[in-house]
Amino acid sequence: MSPSRVLGAAALVALALGPWVLARHQLSLLTDLLISGLFAMSLDLILGYTGMLSFGHAAYFGLGAYASALVLLEFAQPVPVALAAGMLLAGAVAVPVGWLSTRSTGVYFAMLTLAFAQFLYTVAYKWRSLTGGSDGIAGVPKTELFWGGPSLASSQAFYLLAAACVVLSLLICRAIVRSPFGRALQAIRENERRFTSLGRDPRPFKLVVFVIAAVFAGLAGALFAPFRGFASPEVMFWVFSGQGLMMVTIGGIGTLIGPILGAMVFILLQEILSSYTEHWMIFTGVVFVLIVVFLPGGLVGTARRLGVRG
Amino acid sequence: MLETRGLGRSFGALQAVADVSFGVEAGELRAVIGPNGAGKTTLFHLISGLLAPSAGRVLFRGDDVTALAAPARCRRGISRTFQITSIFPELSVLENTRIAVQLKAGGSFRLVGGRSVLDASERRARESLMFLGLADRADEPASTLPHGDQRLLEIAMAVAQEPALLLLDEPTQGLAPDDTAATVAVIRQVAHEQKLTIILVEHDMDVVFDLADRISVLHFGRLIAEGTPAEIRASADVQKAYLGGLD
């Protein structure tokens, strides 16, 4: 077995053992890490594999969170229905946004995605009757696994659901980046003009991957709402999009697993530093700069260079 | 195989290509020569579809393809290389060539699996790399190849697509004499064994007179002469415009 397979198997076993060895607040933190990791991984599909710098990815996380919150609170449906609703809404909104944004590239693409995300943030902020405005939607319940099925209210049960979603998403995304479609994305990242002259218009590829990334971000958001019990405009704010970019960069652009680890490092740093100082952002920033300068390729990229082959 | 009628392209006040009408027969190796800024690369962009013409039309195998964009023209059988090496630097030599095959052959929207697409395109890519003498570098990142091999890789990518018409934009640019000779040999081999129609833009007159069946001469965007290498050598106009300093 290759070292990466051993590592993967070990990580799976560790994740599965979580509910039996971790205390409740630790399990809760791990759930948080996994959800953020899923968000960062979805961003890696467009940033790392396709070379599209989206500065508005939080919007799809937020859409997932709101859709999930409403389905759980208003209709008391099982959690998987809420997850499906979150993915559907995020993906549906990503179609027109992606269709327009992928008409431009580089900084202009980044600015367009940012503008659309801030627009959606404003909608969430102002549409009080639906979203609760700045208060958001509170009291989102963790309902059951299926109609009449086991409750997900315990932190153990919800953790297992979140972990399963993240592992499954990772496997699907890995299959995608290794497929003919995924290979085409990487060629687009490397040289769009050459791609065009080899027989395909890159835009449909960019649109499809943009929507796929939004769907997985929507899933992360849809898990977030019942996990935290609320959805609020903050999760759609541009700061969260920026943090996503930092998570991907810390973990390793274009590696899928890297951004999950990067998100974990980012959140843990935030947890630890914020217990000492309210200026934790300064120190997170310093760590970020150090990693970018001294560990190009992020954590996973560096590990691979040092010989752990994936 | 290819015909242009009154083809023109201007950039603002600059008329880069003007009223170019010429035809290339199937199986022919045509060279297009002309001083810097004569419009050779612009002409290639117009034929391959990367630029839309301001006037005239392009006919390929009897069909008017003027309205088709570059990707569609490539799928119809026009493949090209670039004057400034254009590859996928971080991808392997094999993957560069494989993706060229895949993009032309189809199946690029297979999101999961797609093993058959990958395998078939890889087989074809390996053949092409073997043909171009790059097979033993297949797994290296393209960016680590020396310049000469990168030029060859571009040709390998185009040849792997099994085009009907191959456009080579200065394939020997920046090459050492040995590499130039090797590239000339490869182009001759491609032309003969794959029975391709080739249009070649080239500055190196030795290469041009060595390879070309016929030569077209561009000057300030206009076609000023066309003929066999012997005719072009003898033409007074061409001597004045271009070759004067060389002989």
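Which residue of β2(B) is the bridge partner of B:Leu7? The partner is B:Val20. The points below start from this pair; please bear in mind throughout that the model is predicted.

1. The β1–β2 hairpin of chain B. Strand β1 (residues 2-11) and strand β2 (residues 14-24) of chain B run antiparallel and are joined by seven bridges, with B:Leu7 and B:Val20 forming one bridge pair. Two residues lie between the strands of this hairpin, and B:Gly12 there has a positive phi near 60°.

2. Helix α1 of chain B. This helix covers residues 40-48, and nine of its nine residues are buried. Among them are B:Lys40, B:His45 and B:Ser48, together with B:Leu43, B:Phe44, B:Leu46 and B:Ile47. Directly after the helix, B:Gly49 adopts a positive phi of about 95°.

3. The six-stranded sheet of chain B. The sheet is open and mixed in its pairing, and its strand order is β6-β7-β8-β3-β9-β10. Its edges are formed by β6 (78-80) and β10 (222-227) of chain B, each of which pairs on one side only. On average, and with direction ignored, neighbouring strands are turned by 20° against each other. In general, strands of a sheet pair through backbone hydrogen bonds, in either a parallel or an antiparallel manner.

4. Strand β7 (residues 165-169) and strand β8 (residues 197-201) of chain B run parallel, with five bridges between them. One of the residue pairs concerned is B:Asp169 with B:Val201, the latter in β8(B).

5. The domains of chain B. The assignment gives domain 1 as 1-77 + 164-247 and domain 2 as 86-162. The C-alpha centres of domain 1 and domain 2 of chain B are 25 Å apart. Their contact draws on twelve residues of domain 1 and nine residues of domain 2. On the domain 1 side, α2 (70-76), β7 and α6 (177-193) of chain B each provide at least two residues. Of these elements, α6(B) gives the most, with four residues. By class, the domain 1 side consists of seven nonpolar, three polar and two charged residues.

6. Chain A as a whole. Its secondary structure consists of 14 helices and two strands. Chain A is as compact as a globular protein of its length, because its radius of gyration of 19 Å is close to the 19 Å that the globule rule gives for 310 residues. The C-alpha trace spans about 55 × 45 × 40 Å along its principal axes. Of the 310 residues, 52% count as buried. Among contacts in chain A with a separation of 6 or more, 76% are between residues 24 or more positions apart.

Terms used. Residues are numbered from 1 along each chain as its sequence is written. Chains are lettered from A and ligands numbered from 1 in the order in which they are written. This is a predicted model: local features need pLDDT of at least 70, side-chain atom pairs count only at pLDDT 80 or more; totals for chains, interfaces and linings use all residues. Two strands pair if DSSP finds at least two bridges between them. Axes are lines fitted to C-alpha atoms, for helices over the stretch in contact, and angles run from 0 to 180 degrees between N-to-C directions. Domain bounds come from an automatic or database domain assignment. Two residues are in contact if their C-beta atoms, placed from the backbone, lie within 7 Å. Ala, Val, Leu, Ile, Met, Phe, Trp, Tyr, Cys and Pro count as nonpolar, Asp, Glu, Lys and Arg as charged, and the others, Gly among them, as polar. The radius of gyration is taken over C-alpha atoms; the globule rule is 2.2 Å times the number of residues to the power 0.38. A residue is buried if 20 or more other C-beta atoms lie within 10 Å of its own, exposed if 12 or fewer, and partly exposed in between; C-beta atoms are placed from the backbone.
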